[in-house]
Amino acid sequence: MIRYALQRLVLAVPTLLIAGLLVFLLIRLVPGDPALLLVGDLGDPAALEQARRDLGLDRPLPEQFLRWLGGVAGGDLGRSVTTGEPVLAMILERFPVSAQVVLAATLLAALVAIPAGTVAAWRQDGPFDHAAVGLAVLGLSVPSFWSGLLILILFGVTLGWLPTIGYVSPAEDLAANLAHIAMPVAALALTEVATLLRMTRAATLEVMRLDYVTHARAKGLSDAAVLSRHVFPNAFGPTLTVLGLILGHLLGGIVVLEKIFGLPGMGRLLVDAIFQRDYPVVQGCLLFIAFVYVGVNLLVDLLYPLFDPRVRP
Amino acid sequence: MTTPPLLAIRGLTVERLSPGEAPQPVLRDIDLDMAPAEITGVVGESGSGKTILARTLLGLLPPGFRLRARTLSLGGLDLAGLPEKGFRAIRGRDVGMIFQEPMVSLNPALTIGTQMTEAVRLHQRLGRAEARERAEAMLERVRIRDAARALDRFPHEFSGGMRQRIMLASVLMTRPKLLIADEPTTALDVVVQREVLDLLREVTAELGTAVLLITHDLGIVARYADRVTVLKRGDCLEAGTTGEVLMRPRHPYTRGLLGALPRRAVLPAPKAGPPLLSVEGLRVGYGRPLPWRRAAAPMVLRDVSFSLRRGETLAVVGESGSGKTTLGRSLVRLVDPAGGEVRFDGVDLRRVAGGALRAVRPRLQMVFQDPASSLDPRFTVGGLVGEGLTLRRDVTALERAARVAAALEEVGLPADWAERRPHQLSGGQRQRVSIARALVLDPDLLVLDEPVSALDMTVQAQVLDLLAGLQERRGLSYLFITHDLRVVDRLAHRILVLYRGAVVESGPRDAVLDRPAHPYTRQLLSASPELAQDAGGGYRIAERTLPPPLLGEEEAYWPHSGGVPAYRTAGPDHLVACRHPSPAAPPAPAPTREGIPA
Amino acid sequence: MSAQALSPRVAVGGALALAVVAASAAGVIATPYDPVAVDLAARIEPPSAAHWLGTDQFGRDLLSRLMAGGHKSLLISLAAVLGALLAGVPLGVVAGYAGGWVDRAIGTVLDALMAFPSILVALGIMSVLGPSEGGVVLALALAYAPAVTRVARASALSSRRREFVDAARVLGMPAPAILLRHVLPHCVAPVGVLAASLLAAALLTESALSFLGVGVPPPAPTWGGMLAEGRPFIGLADWLTIFPGLAIALTLLAINLLGDALRDRLDPRMRAPR
């Protein structure tokens, strides 16, 4: 098992390196003096020259890349052009907020969609199935930022039940925290319930066609027993894989929701940085998210053997 | 019968209901009786309704099917009106079922032990420990070694044959009154088939379980079934004891089925002269091993040598993992051999390239195993057959159409079927299209990879007749890859027996089949049941009587024990692989030399 | 097979799609009011007989703006998907069929690109290019090309294993001919299904980008941009939030319904035995 984990880890390295290269090249594509972009207008040409040498911007491009990589490995993602703070610190401050919302949304979506999808497949073409599939299509078609706005209007403004903007850390006040994230989580979860439900339904239908399910029924097991012991564990594997992808969607969707609900998360940081032309922050955010995404998929890969013994080394 | 039958069926009709259409009968007025410890074979080709019969007895009919019967009772219990709850009570306890595909019949996510004890714990309320003990005892009964540890392992850790035995043990644990076996050994190798079926007969006789054995293979029915029912398109055409039905088949369909069994035929002699194809020392490996591992890397094919003359059929016989498919593929250059020499009519097939390769390719063609997969469903029949000709710039479109029409007629299909698409044709018709596709290029040699294994018996016979006729008319040579020794009887001049990548025996058909020298060949022969026709026109199971073995187990060469085979002569042109060269006589030359006497 | 009666899904999806396309097409030619004309006398009016969907803070008729904004969003999304297909299909088919190091090289780069959620790829590229229509198309095409490549590759791999490809090789067909005649046509179905869902994704992302202000530059009306403009007026003029979002949602619904119908036609494996 350790070997399998190490193997997967090793395979992730080239992906991350190339992702890093893409981010690096992206910023270099911006027209203008790289020193100005990465350091900002210091007003003093001499200081700018010094900064250029410090950052190695006068060296050939491959060497720059390696230096930058070295810095990244050490945790140095540069400094923000607007505030001067270290980028990594800014990200680490904001990331937990985004992470909390995304994780909560995923959990909520999974708790609703997975059982619903399984039952819908088991009673294919029944009333529950039709309803579930219909609702899923609707859910897929509603953009999360629109549903976020609508939920905001209903619960935040019209009914006044929940605070519309801002964020309170759970360490400080759990109830207030939950009140603040309830609406964005709901908006995010809505779309993902739809995707997850469809995926679970499809995977379950696939498994139901296989002989061992008929065999289980031929033993006289009740429907519930067949579903839970034979169908579900085998259908869950593909669903687990999709969870990784879903996280990607959510990491994208959160960007917009943070703006709507005034959450001080990473998405907000990234978008503001784009507007302010704060390229070190843009670079840092993109890289960080890539790492998180690859990390999550790696975790999913490592969890997969739990559900499919055939893959176990 | 004096005692009431265990399973009594009278007038069973099952219909498929489609909205807006008349109900379609899938089974019509079936009568069947079964006694305890008796094996009843149900024989039919595809579409006969045999699987529906099995599902009816379990109450697992798919939605949209309706049944009615005058009598449908198991041990006195009326199944016709039984609600789902009632069926669940008897499923797994009184009725058990084993399926065809061992690969997907066991849940890959659960241990063997969990799956085996499920039914018994549900129906007989046994505790965990007790259920486990019983499971272990049952596994030992079906000869699974190390039964206690096996309970904690997963299905994918066992081979196909072992999985079927585990299924058998699992189903018989509750001592059911009736066991339904739906083509339980079709997916298994011949030798393993025999093991599983022998075991099935033994254990069910001991437990007193009645067995409904569904199969398309008359040989299996002849050897194992006490009674037999013949189904065709939902109708029961004939039923009785096996001996009766085989000796005096009444219905023409039954007689047709029996007649379709391939039999030894007298074949026209191959052409004299130098061999068309000669292969020496062919070696094929798996993928591309790293350089320092190359010497010890396992090989798919090891030192295979043989020759083939014009107008001759060489049957390459082996089970799965023998490398026979790879042999065929390496001849047509779908696979790159690692070593050895292949000469086709003087051309070195391994080194030829460019224009010379283009010139020689059409002469060596291949017919594949799966008729569904080898024809691109998006093309028309005409497009598929004529595809090879599109490369020839000297052939106009008009001429191509004419040649396609001629090829279709040659394989017995109407020329205007060129407009049809593969999904509109049956399996046998699709194989004919595959053959036409090869013929249109005027080949000298056809590699046929199990071309009839997926076909019904009667269709098989037709295709084999077609191939024999083509060989006679065109002087074609065939490299015929198969695992079915009966087909070999019908078509082959010579046989090559492959086991795990090495040639263990080769020689003329009659010599190898009647006087097999290598123990493996003998195993293959005794595993495949043979039906012989006697003077009165009836059939009976003929156990092959083989002469005493030429080689003992230790003397023979076995690929898995490593080393290099030494070939000894067992008769004219008949070679067998031994571990050591014979001390008295000088070693025989490797089985390929020009000008072997006819 | 029973008659191809128009399933409710296709009927509803088709009707919606037609409505959206018609309205957007009309939006180019003639709208009830000039979409950019300011009418300060009619600011922030709720839906009425004169203005069916109300007006915004500049007195501009909402319905006209929606109609005018539609065609831009739709065209951008279509162009993006086409771009993704043009880049992704050849790359994927070649990778799947050739295998070996070609496949691995392409695969590694793709994996790296797929490490970024598509909206972030788009954001990243827009941050470099600055707001522009062409930029959005390019950004989206690049974001979705990897998914197309994956599906095309999977299809090519599975075709390669089917015996009809072997058969063509034995006949002597050269590799490019096999790719064109046998492999490519078989990937049309899975890629087509993917294209439908990518169209929806592209529309969604384009709206999101416009909402954030990094998409198509003003003053051209876009649905996402209108949502952003309506935000300060939540509580006062909710119609400014409801209707643009509704337009997006209905269009997405149409695409999803038709895409699902397409997938079910092409993939009959969703039936399970009882």
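**A walk through a predicted model**

Now step back to see how chain B is laid out. Its domain 1 is made of two segments, 7-101 and 177-259. Domain 2 of chain B runs over 277-492, and domain 3 of chain B takes in 503-591. If you compare the centres of domain 1 and domain 2 of chain B, taken over C-alpha atoms, you will find 37 Å between them.

How far can you trust the picture of chain B? The average pLDDT of chain B is 86, and 95% of the residues score at least 70. One stretch to treat with care is 592-598 of chain B, where the pLDDT is below 50. In the model, this stretch still has 12 contacts beyond near neighbours in sequence. Where pLDDT is low, the predicted coordinates should not be read in detail.

From here, move across to chain A. Where chains A and B meet, 18 residues of chain A are in contact with 22 residues of chain B. Two helices of chain A, H9 (211-218) and H10 (223-261), are the elements that give two or more residues to the side touching chain B. Which of the elements gives the largest share of that side of chain A? It is H9(A), with 6 residues. Sorted by class, the residues of chain A on the side that touches chain B divide into 7 nonpolar, 6 polar and 5 charged.

Our last stop is chain C. You will find 9 helices and 0 strands here, so following chain C along the sequence gives the pattern α-α-α-α-α-α-α-α-α. The C-alpha trace of chain C spans about 80 × 50 × 40 Å along its principal axes. Chain C has 274 residues, and 53% of them count as buried. Finally, consider the contacts in chain C between residues at least 6 apart in sequence: 70% of these join residues at least 24 apart.

Technical notes:
Residues numbered from 1 in each chain as written. Chains lettered and ligands numbered in written order. Predicted model: local features only at pLDDT ≥ 70, side-chain atom pairs only at ≥ 80, totals over all residues. Helix = DSSP H or I, 4+ residues; strand = E, 2+ residues; numbered from the N terminus. Buried ≥ 20, exposed ≤ 12 C-beta atoms within 10 Å, placed from the backbone. Contact = placed C-beta atoms within 7 Å. Domains from an automatic or database assignment. pLDDT = per-residue confidence, 0-100. Nonpolar A, V, L, I, M, F, W, Y, C, P; charged D, E, K, R; others polar.
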